[in-house]
Amino acid sequence: ARLESPSGRDQKNQQHLGLQWGRSWRRCHGRHHRIAHLMRNSPAYLETTVAGFKARLVHDFGGGSQDCALPVVAGRYWVQTNANLPGLIALDVSDPERPREVSRLTLAPDMLVHWIALAPDGRRIVLSGGGGAMKQKVLMARIDPATGALSLDRDFRAKGATSEGVSFSESDWPHGATGPAVPHGAVFSR
């Protein structure tokens, strides 16, 4: 089943709870469910609309970090950053009552990812600017839409680079010598 976004009004109504909603609204077993998580590597909660607002823990990502944990939804997979790895964790949320971990992409200990975005093809995820070695770097991950398996795209690199990813640590840019850049976020366009 494909996941559908909640309406903007529903999202705004829940902002006072401090919940960060991913695009994971779906109808399951005749009821509406939404998976949400608090920021900062917190657990995922399942919210149902039966008899009003009701949330319960459905997955614990290991917490402990004060870094952001941003999600994307790729088909039936919830993919979230996790600073404790550091890297990404993919959950199969086809049964929102029982999400299950299907894959992890673990990066080097100093590669703290902040932002991720899903490509329109649903197969690539851009990882950008966090801390450590990721402060001035962008990486590309791949997700298998059939299995949720995550992998690092080792072919995504700057021309002539010896390692994957694109570095923004240059001092000189086409618009002048402004020093290294911090790619804090990234998006895809069609």
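Colleague: Which residues is Leu 88 in contact with, leaving aside its neighbours within four places in sequence?

Modeller: This is a predicted model. In it, Leu 88 is in contact with Val 79, Gln 80, Thr 81, Ser 103, Arg 104, Leu 105, Ile 116, Leu 127, Ala 141 and Leu 150. Neighbours within four places in sequence are left aside.

Colleague: What makes these count as contacts?

Modeller: Contact means heavy atoms within 4.5 Å. Each residue in that list, Val 79 and Leu 150 among them, is in contact with Leu 88.

Colleague: Which residues have the most contacts inside the largest nonpolar core?

Modeller: They are Val 79, Leu 88, Leu 107, Ile 116, Ile 125, Leu 127 and Leu 150. The core has 20 residues. Elements giving two or more residues to this core are β6, β7, β8, β11, β12, β14 and β15. Strand β14 gives the most, with three residues. There is also a second, separate core of seven residues, which includes Phe 61, Trp 78, Leu 85 and Leu 91.

Colleague: What is the general rule for nonpolar side chains?

Modeller: In soluble globular proteins, nonpolar side chains tend to be buried together.

Colleague: Why is Ile 116 called buried?

Modeller: Its relative accessible area is 4%. Buried means under 20%. Ile 116 is under that cut-off, so Ile 116 is buried.

Colleague: Where does Ile 116 lie, and what does it touch?

Modeller: Ile 116 lies in strand β11. Not counting residues up to four places away in sequence, Ile 116 touches Leu 70, Pro 71, Val 72, Val 79, Gln 80, Thr 81, Leu 88, Ile 125, Val 126 and Leu 127. The C-alpha atoms of Ile 116 and His 184 are separated by 9.8 Å. Those two are 68 residues apart along the chain.

Colleague: How do you know that β11 and β12 pair?

Modeller: Two strands pair if there are at least two bridges between them. Strands β11 and β12 have four bridges, so they pair, in the antiparallel sense. Ala 117 stands opposite Val 126 in β12. The hairpin of β11 and β12 has five residues between the strands. There, Gly 122 takes a positive phi near 70°.

Colleague: What else is β12 joined to?

Modeller: Five bridges join β12 to strand β14, and the two run antiparallel. Ile 125 stands opposite Ala 141 in β14. Strand β12 is mostly covered, with four of its five residues buried.

Colleague: What is the order of the open sheet of four strands?

Modeller: The order is β6-β7-β8-β9, with antiparallel pairing.

Colleague: What makes β6 and β9 edge strands?

Modeller: Each pairs on one side only. Neighbouring strands of this sheet are turned by 20° against each other on average, direction ignored.

Colleague: How many bridges join β7 to β8?

Modeller: Six bridges join β7 to β8, and these strands run antiparallel. Gln 80 stands opposite Ile 89 in β8. Pro 86 is found in the loop between β7 and β8. The peptide bond from Leu 85 to Pro 86 is cis, with omega near -10°.

Colleague: How many aromatic pairs does a search of the whole structure find?

Modeller: The search finds one aromatic pair.

Colleague: Why is the pair of Phe 168 and Trp 173 called stacked?

Modeller: The ring centres of Phe 168 and Trp 173 are 6.0 Å apart, and their planes are at 25°. Centres must lie within 6.5 Å for a pair, and planes under 30 degrees apart count as stacked.

Colleague: Why is Phe 168 called partly exposed?

Modeller: Phe 168 has 25% relative accessibility. Buried is under 20% and exposed is over 50%, so a value in between counts as partly exposed. Trp 173 is also partly exposed, at 23%.

Colleague: What is Ala 181 in contact with, leaving aside its neighbours within four places in sequence?

Modeller: Ala 181 is in contact with Lys 135, Gln 136, Phe 168 and Trp 173. Ala 181 lies in the segment after β16. Its relative accessible area is 25%, so Ala 181 is partly exposed.

Colleague: What pLDDT does the protein average?

Modeller: The average is 75, and 67% of the residues score at least 70. Over residues 1-31 the pLDDT is below 50.

Notes. Residues are numbered from 1 along each chain as its sequence is written. This is a predicted model: local features need pLDDT of at least 70, side-chain atom pairs count only at pLDDT 80 or more; totals for chains, interfaces and linings use all residues. Side-chain values use heavy atoms; hydrogens and water are left out. Axes are lines fitted to C-alpha atoms, for helices over the stretch in contact, and angles run from 0 to 180 degrees between N-to-C directions. Rings of Phe, Tyr and Trp (its six-membered ring) pair if their centres lie within 6.5 Å; planes under 30 degrees apart count as stacked, over 60 as edge-to-face and the rest as tilted. Buried means under 20% relative accessible area, exposed over 50%, partly exposed in between (1.4 Å probe, protein chains only). A nonpolar core is a set of buried Ala, Val, Leu, Ile, Met, Phe, Trp, Tyr and Cys residues joined through side-chain atoms within 4.5 Å. pLDDT is the predictor's confidence in each residue, from 0 to 100.
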